[in-house]
Amino acid sequence: MALIFKDETFRDDFTYKNSPATIRRFPFPFIEDQYRYSVNIEPHTPGPKGSVYEFTFDIDEHYVSEMRDRAMVLQEDPGRCQALPHMMTAQWDMLELVMVSLARDYPDLFTLHRDGAHWHWINKPLNIDQKFTFGEVNSLPYEPMEYVGRQIQGDFSLQDQRDGQLWMDAGIITSQADWSLDFDVGMNFFEWHAPVPLAHEAGVFERALKFLLNMQIGQPVRRLNWTMTINPRLDTSPENYPKWGKDRTTVTPENVGEKVHLRVELQGLFRLPRSNAILFSIRGYLMSLEQIVTVPKWGRRLPRVLKSLPPELIEYKGLARYRQTAIDWLEKYDDGAPTSPGGGPD
Amino acid sequence: MSGFPLRRVRVAEVEQVAARIKRFRFVDIDNAPLSQFSGGSHISVVMHSGDRLMRNPYSLMGSPTDTSSYQISVLHCGADSRGGSKFMHENVAVGSELEISQPLNLFPPVRLAKKHVLVAGGIGITPFMSMMNELDALRSDFELHYGVRSLEDGAYCKYLQSRYGSRVNVYRQDQGQMIPLDAILGEQRLGTHMYVCGPKPMIDWALQTAELQGWPQENLHSEQFSAPPPGKPFVVKLAKSGREIAVKGHQSILEALEEHGVDASFLCRGGACGQCETGVIACDGYIDHNDHFLSEAERVGGKKIMICMSRIQTGSITLDL
Amino acid sequence: MTISTIKSRPIYPGLSPDLNARSNIIVCDKAGAAAVTELFSRADATFAKRSTVFIADALQETEAATARKDLAPATLEILPSLSAGIVRLREFLDNAPMGLRLYAAGTEPLIGSVVQAAADYGIDHLSIRTEHRGSLMRRVQCVHCKGFTENVTTNPVTCSHCGLTLFVRDHYSRRLAAFQGVCIDAENPGDVPPMEAIYQ
Ligand SMILES: Cc1cc2nc3c(=O)[nH]c(=O)nc-3n(C[C@H](O)[C@H](O)[C@H](O)COP(=O)(O)OP(=O)(O)OC[C@H]3O[C@@H](n4cnc5c(N)ncnc54)[C@H](O)[C@@H]3O)c2cc1C
Ligand code: HEM
Ligand code: FES
């Protein structure tokens with residue numbers, strides 16, 4: 001399927017919309033009618049053709065516009081991209097993984113020629129043609145993580161592994177669900193997860209960390225996480241909370257279907273070979289309730305899930321002001337029929 | 001996740017590098033590129049010796065960025081050996097085919113360190129070979145202190161000295177030379193980390209010396225080339241399947257489970273990674289915890305065992321499997 | 001002592017002597033100095049001799065005299081403020097070898113500043129022995145303008161740089177040596193609860 005890139009916005013007039021084909025491939029995160037935190041990690045093996053799991057990194061119709069939004073965020077706040085000095089090897093590891101994967105999986109869009117350390121990268125959708133020397137920072141216009149990070153959908157962080165811990169020592173984060181890279185840089189796995197309710201006590205993070213520390217080269221894993229966002233806004237950072245916080249009070253029974261978006265993160269975890277670091281990719285998908293209910297199974301399930309949430313999660317995800325309005329609107333689409341297991345459409 | 005995906009390699013080169021040490025070079029069976037790796041990594045080598053299956057970890061020694069081949073060095077453990085190192089020395093030659101795991105690193109240099117002091121004894125030099133390669137490429141400050149019985153017994157002394165110059169210091173036991181660790185540690189800049197690999201007594205000595213010099217624990221790192229120590233036979237009961245499996249004197253619990261087709265989780269098989277941690281439901285004997293993973297409190301608690309290394313002296317043990 | 005369930009906030013277990021270290025560097029404030037006296041009493045006589053204490057606090061002449069007496073025979077330097085104390089600590093660490101042990105006792109901003117400075121010298125935070133004494137005041141970083149507000153005793157608090165009213169979150173960054181402050185009325189401007197003095 002040849003991709004046609006949309007020209008759309010994630011701020012101000014919010015022209016972002018999914019095409020019908022994109023709706024079908026949305027990674028709906030709820031595998032049953034209720035939700036709670038768990039160590040939901042599975043091997044990141046290639047999924048069905050056309051699905052968001054088909055390739056190592058998913059590129060879709062929003063690619064070009066998302067990259068434009070990222071450039072705007074970085075222009076306003078360079079602190080959204082940071083790397084501590086000891087992460088340079090990991091940065092190159094990330095650049096290699098991203099370029100090799102994209103060129104292999106999307107040969108019509110990206111090409112990579114390698115002759116020893118002499119690399120030639122062509123990104124057709126963004127009109128980039130770059131020759132550089134692998135390992136030489138000065139041969140690129142940005143440091144390697146920022147260079148590829150500006151050319152791939154999703155946020156990324158790099159974790160150094162030492163003393164039986166993972167340390168978030170680098171990242172390029174411009175479309176996050178309300179956490180600050182600038183604040184979290186240098187923290188370990190338990191520390192950056194500190195604000196998450198219930199999961200520490202349930203042992204989720206202890207088990208997840210133990211698993212990640214033993215991750216092997218070439219054996220990536222993935223998991224899904226979700227929240228809700230008002231308007232298709234990518235930059236819901238704490239930095240800009242005074243700009244988007246008000247949106248939460250604008251939801252009415254009339255506009256809820258259009259305004260409230262389910263925001264799903266397809267998270268990938270990769271052991272990087274030379275640095276022994278772990279790459280964490282956070283690929284976000286946004287879909288309005290209106291579009292979600294076009295898939296009957298999702299329309300039935302989502303209100304049930306929203307009703308099942310523990311209060312701590314409602315508070316943490318910032319749903320309190322509009323959750324009931326969303327449930328009331330969604331329930332029209334729930335005929336009470338049983339739903340099939342798994343997240344995919346029937 | 002139990003175990004690891006394996007890849008087939010062919011032995012491209014074997015060289016006797018010291019009295020009891022051979023160096024092996026592996027290439028992919030189809031000459032496909034191997035993964036790059038990080039300094040301090042090891043691979044597991046699977047060996048079929050008669051009807052016995054062994055998987056021994058060996059440190060990677062070459063350049064971490066060389067994807068054309070991997071190199072390991074194996075010390076012949078002699079009569080003591082249950083067979084792995086003996087098999088490598090006597091049955092593996094150029095052209096032999098073996099299976100290996102992906103590289104795994106349980107002994108990485110700390111990238112925040114201002115300087116790295118590497119202390120090696122005998123075959124314990126191997127993880128430092130790739131580590132120095134990496135540190136040198138990163139222009140990180142390091143020095144190696146390498147104790148050998150004699151120049152005949154110590155591998156790579158000349159090579160290392162010619163490549164890294166005065167950063168390499170070799171101490172020959174046959175000449176009465178000892179690693180002057182007190183003096184070495186006494187004059188290091190703040191932010192230096194020490195790494196030690198060698199026989200257990202040497203590791204203990206180095207760590208203790210550093211502690212007595214006032215070095216914080218956080219700056220000390222070690223890797224021990226442990227193999228599962230033998231003992232008396234005993235019985236393992238599996239709570240979930242209700243099976244009973246006999247562990248022979250020269251077997252680890254993990255090996256006995258594998259021999260009987262029970263799928264158990266593992267990675268390093270050296271008691272370091274934590275992957276094989278298994279719940280203990282009942283035990284009428286005393287557990288010999290031979291791993292480097294469980295905390296003292298966990299050992300005393302008696303609710304966990306690392307089945308790649310630990311065993312019981314007598315009686316039977318019931319595991320949550 | 002601060003007892004905390006905040007996973008990102010360090011635990012300050014209290015000062016215990018490392019008898020092996022060849023020198024001890026101790027940074028404290030007025031309240032923390034009492035913890036240092038207790039530390040000395042738990043160690044042998046030569047421990048204090050091997051110690052250099054920086055009191056980073058404004059002291060009255062009588063207080064300084066008491067400190068000199070209580071902390072003898074340690075080498076004592078009195079610096080007029082926390083920031084002056086940290087400058088002095090950095091100077092000291094510039095030329096220091098391995099084998100020293102770092103201690104910090106006092107308010108959380110003091111401990112945090114010591115840990116933060118030490119990181120630049122490759123000193124792991126876990127190897128620093130710490131004890132919380134005195135005020136519960138916090139250092140807060142405004143997540144919006146990135147400015148730091150010092151000596152915060154209330155929640156919410158007004159950002160001393162951009163003027164937003166900040167909710168002080170229980171989320172701590174060791175790298176910044178600060179808690180996170182987030183605009184409290186972003187969703188409903190003007191809807192600000194009264195300030196409570198909870199970090200006295
Ligand atoms: C992370 C890691 C990295 C390693 N890297 C290397 C490396 O680079 N090079 C290398 O040579 N080795 C390395 N080792 C060690 C290696 O994996 C094997 O343990 C070693 O080769 C011995 O294996 P084996 O099968 O010959 O002997 P094993 O039988 O497994 O014996 C190991 C030791 O146990 C003792 N032993 C065994 N049986 C008996 C018995 N019946 N009575 C008394 N004592 C006994 C002996 O002291 C013997 O040397 C590494 C180990 C680890 C955990
Ligand atoms: C190294 C990889 C990872 C990174 C960098 C990472 C990062 C983060 C961050 C920054 C947050 C937001 C915390 C906040 O509110 O400030 C978060 C939330 C969370 N993380 Fe992770 N994480 C990683 C891996 C995992 C794994 C493997 C799990 C598996 C259990 C997990 C489970 C969660 C959960 C449950 C939340 C709460 C999300 C929500 O309810 O919206 N994380 N993570
Ligand atoms: S397999 Fe690594 S500790 Fe047992």
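**A friendly note on the chain A and chain B model**

1. Let's begin with the place where the two chains meet. The contact draws 24 residues from chain B and 16 residues from chain A. Please keep in mind as you read that this is a predicted model.

2. How much area do chain B and chain A bury between them? The figure is about 1800 Å², and 51% of it is on carbon and sulfur atoms.

3. Across the interface of chain B and chain A, 8 residue pairs are in polar contact, both residues being at pLDDT 80 or more. As for the make-up of the side of chain B that touches chain A, 11 residues are nonpolar, 10 are polar and 3 are charged.

4. Which residues are closest to ligand 2? They are A:Tyr37, A:Trp192, A:His193, A:Tyr316 and A:Lys317, out of 22 residues that surround the ligand.

5. A:Tyr37 has a polar side-chain atom 2.4 Å from an oxygen atom of the ligand. For A:His193, a polar side-chain atom lies 2.8 Å from a nitrogen atom of ligand 2. A:Asn225 places a polar side-chain atom 3.5 Å from an oxygen atom of ligand 2. In chain A, the elements giving two or more residues to the shell are β6 (155-162), α6 (189-192), α7 (204-213) and β8 (221-230).

6. Which element gives the largest share of the shell around ligand 2? That is α7(A), with 4 residues. Sorted by class, the shell around ligand 2 holds 15 nonpolar, 5 polar and 2 charged residues.

7. Is A:Ser19 buried or exposed? With a relative accessible area of 18%, A:Ser19 is buried, because buried means under 20%. Setting aside neighbours within four places in sequence, A:Ser19 is in contact with A:Lys6 and A:Glu61. With A:Glu61 there is a polar contact between the two side chains, at 2.8 Å.

How values were computed:
Residues are numbered from 1 along each chain as its sequence is written. Chains are lettered from A and ligands numbered from 1 in the order in which they are written. This is a predicted model: local features need pLDDT of at least 70, side-chain atom pairs count only at pLDDT 80 or more; totals for chains, interfaces and linings use all residues. Side-chain values use heavy atoms; hydrogens and water are left out. Contact means heavy atoms within 4.5 Å. Buried area is the accessible area (1.4 Å probe) that two parts lose on being put together, summed over both. A polar contact is a pair of N or O atoms within 3.5 Å; within protein, one must be able to donate a hydrogen and the other to accept it, and residues adjacent in sequence count only if both atoms are side-chain atoms. Ala, Val, Leu, Ile, Met, Phe, Trp, Tyr, Cys and Pro count as nonpolar, Asp, Glu, Lys and Arg as charged, and the others, Gly among them, as polar. Buried means under 20% relative accessible area, exposed over 50%, partly exposed in between (1.4 Å probe, protein chains only). A residue is near a molecule or strand if one of its heavy atoms lies within 4 Å of it.
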